[in-house]
Amino acid sequence: LHHSHSPWQLLRCIGIPTCTVFCGPKTYLAAAATSEGSVQLWDLREPASHHDAVDVLEERFALRSPSYTSDAVLGAHHTTSVSAISIVPTNSEDQDIAAERQDVAVATLDV
């Protein structure tokens with residue numbers, strides 16, 4: 001992040017992104033919502049070799065596809081554009097167990 005002259009990560013979004021967010025203390029997770037109503041999540045810990053590669057500014061980068069997309073779940077996507085996305089605290093009685101499982105909750109707002 002300290003080298004703004006080149007990209008840190010390249011994320012492939014399926015659709016037109018309307019908003020994005022990094023997942024708080026889990027900086028290896030990024031989420032986006034689209035105008036088509038999809039929610040997508042990237043796990044930046046995935047090896048670059050699992051993704052296509054592209055050349056940008058004479059450097060080779062992984063072009064990361066989403067690790068999760070709501071489009072793949074029947075009936076789980078929004079029917080209108082998503083205008084906001086946010087990470088919310090999990091409502092677990094035992095926060096130590098939630099942290100160990102690496103729970104993440106995502107909230108969205110439709111237009």
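Tutor: Ser38 counts as buried because its relative accessibility is 0%, where buried means under 20% relative accessible area, exposed over 50% and partly exposed in between, with a 1.4 Å probe and protein chains only. This is a predicted model, in which local features need pLDDT of at least 70 and side-chain atom pairs count only at pLDDT 80 or more, while totals for chains, interfaces and linings use all residues. Residues are numbered from 1 along each chain as its sequence is written, and side-chain values use heavy atoms, with hydrogens and water left out.

Ser38 sits in the loop between E3 and E4; helices (H or I, at least four residues) and strands (E, at least two) are DSSP runs numbered from the N terminus. The side chain of Ser38 makes a polar contact of 3.1 Å with that of Thr69 and one of 3.4 Å with that of Gln40. A polar contact is a pair of N or O atoms within 3.5 Å; within protein, one must be able to donate a hydrogen and the other to accept it, and residues adjacent in sequence count only if both atoms are side-chain atoms. With neighbours within four places in sequence left aside, Ser38 is in contact (heavy atoms within 4.5 Å) with Ala32, Ala33, Thr69, Ser70 and Asp71.

Ala33 also belongs to the largest nonpolar core, together with Cys19, Ala31, Val39, Val82 and Ile85. Such a core is a set of buried Ala, Val, Leu, Ile, Met, Phe, Trp, Tyr and Cys residues joined through side-chain atoms within 4.5 Å. Strand E3 (26–34) and strand E8 (82–88) each supply at least two of its residues. Cys19, beyond four places in sequence, touches Ala31, Ala32, Ala33, Val82, Ser83, Ala84 and Ile85.

Another loop residue is His51, between strand E4 (39–43) and strand E5 (52–56). His51 counts as buried because its relative accessibility is 14%. A polar atom of the His51 side chain lies 3.3 Å from the backbone nitrogen of Ser65. Leaving aside neighbours within four places in sequence, His51 is in contact with Glu46, Ala62, Leu63, Arg64 and Ser65.

As for the whole chain, one helix and nine strands are present, in the order β-β-β-β-β-β-β-β-α-β from the N terminus. Of its 111 residues, 28% count as buried. Among contacts with a separation of 6 or more, 51% join residues 24 or more positions apart.
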